[in-house]
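Please open the model in your viewer and keep the sequence panel beside it. This tour goes from stop to stop, saying each time what to select and what is found there.

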Amino acid sequence: MWTWKNLLNVLCTILPFIAFASPATVFLPVLVKGSSSNQDVIEMPPLALTTQMLQCFLFAIYAHHLRMWTLFIPNTVGFVLGFVWSTIYPFKVAPVNGLRLQWQIQYSISLLLMLLGSLTIQRTPYLSSTIAAAVGVLMCTYPLPSMHQAYKEKNPNLMGSAVMNFAMFATCFAWVIHSSWLVEYDIFVLVANGSGVLVQGGALVLRFIIVRRKRLAQGENSELSALTPLL
């Protein structure tokens, strides 16, 4: 009999694929010539991309070692996509030294940890899963370091795309329910995804506030422009 838990399991399987692919909504407007978007460069910091690459790689080799194919398949896809996003990033990022430096540091650390995981997976497989779980917190909460700047500059693109925020919010929300006492209690999964729900939810609310402020400002400017000939 089909139950809500069956539906939840399906969502917990499908939503990560969508979240892993969602950075395409940031890259495609920059890569595709003739795009309707006016965006020429990527303004988002690289944290969402590098943490996806690293976490998915470590979980993938961990799952392969233990023959956990339901965990292996989505994380392999996530790693491949994360590697592509992370590798393209420095060629399309905005010419801001801070962003390039962040990418260099994060990409280098990710490669070192991936090498460490590969070398230790046979003897200490839980090292990879532990690091992956810690990195997962960063991946779920990646907009947090940029939220203040996004509000200050009225630029929601600093938090990634709305699709990225919503996809990660939905994924984390589904896994919060799954890792709660309602289904299969797991404090580590619950904390990581609970943090993601709060931060990604906050990012979505902040996007709404920024867009609303812009529209109000545009409305005021339009009124002033209409009144100027009368003065």
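Helices (H or I, at least four residues) and strands (E, at least two) are DSSP runs, numbered from the N terminus. Before you select anything, note that this is a predicted model, in which local features need pLDDT of at least 70 and side-chain atom pairs count only at pLDDT 80 or more, while totals for chains, interfaces and linings use all residues. Residues are numbered from 1 along each chain as its sequence is written, and side-chain values use heavy atoms, with hydrogens and water left out.

**The whole protein**

Show the C-alpha atoms, which fill a box of roughly 80 × 45 × 30 Å, taken along the principal axes. Accessible areas come from the Shrake-Rupley method with a 1.4 Å probe, and for residues only the protein chains shown count as cover. Of the 231 residues in the protein, 42% are buried, where buried means under 20% relative accessible area, exposed means over 50%, and partly exposed lies in between (1.4 Å probe, protein chains only). Among the contacts in the protein with a separation of 6 or more, 75% are made by residues 24 or more positions apart; a contact means heavy atoms within 4.5 Å.

**Two packed helices**

Two packed helices are described by the angle between their axes and the distance between the axes. Select helix H1 (4-21) together with helix H4 (residues 69-92), which pack at an angle of about 10 degrees with their axes 9 Å apart. That angle makes H1 roughly parallel to H4. The contact is made by Phe17, Phe20 and Ala21 of H1 and by Ile73, Pro74, Val77, Gly78, Leu81 and Trp85 of H4. Here the axes are lines fitted to C-alpha atoms, for helices over the stretch in contact, and angles run from 0 to 180 degrees between N-to-C directions. Angles under 35 degrees count as roughly parallel, over 145 as roughly antiparallel, 65 to 115 as roughly perpendicular and the rest as oblique.

**Two buried residues**

Move on to Ser22, in the loop between helix H1 and helix H2 (24-31). Is Ser22 buried or exposed? Ser22 counts as buried, because its relative accessible area is 6%. Leaving aside its neighbours within four places in sequence, Ser22 is in contact with Ser161, Val163, Met164 and Ala167.

Next select Ala48 in helix H3, which at 6% relative accessibility also counts as buried. Apart from neighbours within four places in sequence, Ala48 is in contact with Tyr142 and Met164. If you draw a distance from the C-alpha atom of Ala48 to that of Tyr185, 137 residues away along the chain, the separation is 26 Å.

**Two loop residues with positive phi**

Select Arg67, in the loop between helix H3 (47-65) and H4. Its phi is near 60 degrees, a positive value in a residue other than glycine, and with a relative accessible area of 52% Arg67 is exposed. Lys154, in the loop between helix H7 (147-153) and H8, has a phi near 55 degrees, again a positive value in a residue other than glycine; at 31% relative accessibility, Lys154 counts as partly exposed.

**A nonpolar patch**

For the last stop, select Trp4, Trp181, Leu182, Tyr185, Ile187, Phe188 and Val191, which form a nonpolar patch on the surface with about 870 Å² of accessible area together. Patches are made of residues with over 30% relative accessible area and no salt bridge, with like charges joined within 9 Å and nonpolar side chains (Val, Leu, Ile, Met, Phe, Trp, Tyr) within 5 Å. A salt bridge is a side-chain nitrogen of Lys or Arg within 4 Å of a carboxyl oxygen of Asp or Glu.

Which helix gives the most to the nonpolar patch? Helix H9 (residues 187-227) does, with 3 residues. Trp181 sits in the loop between helix H8 (162-178) and H9 and is exposed, with a relative accessible area of 70%. Trp4, by contrast, belongs to helix H1 and counts as partly exposed at 46% relative accessibility. Setting aside neighbours within four places in sequence, Trp4 is in contact with Ile177, Leu182 and Val183.
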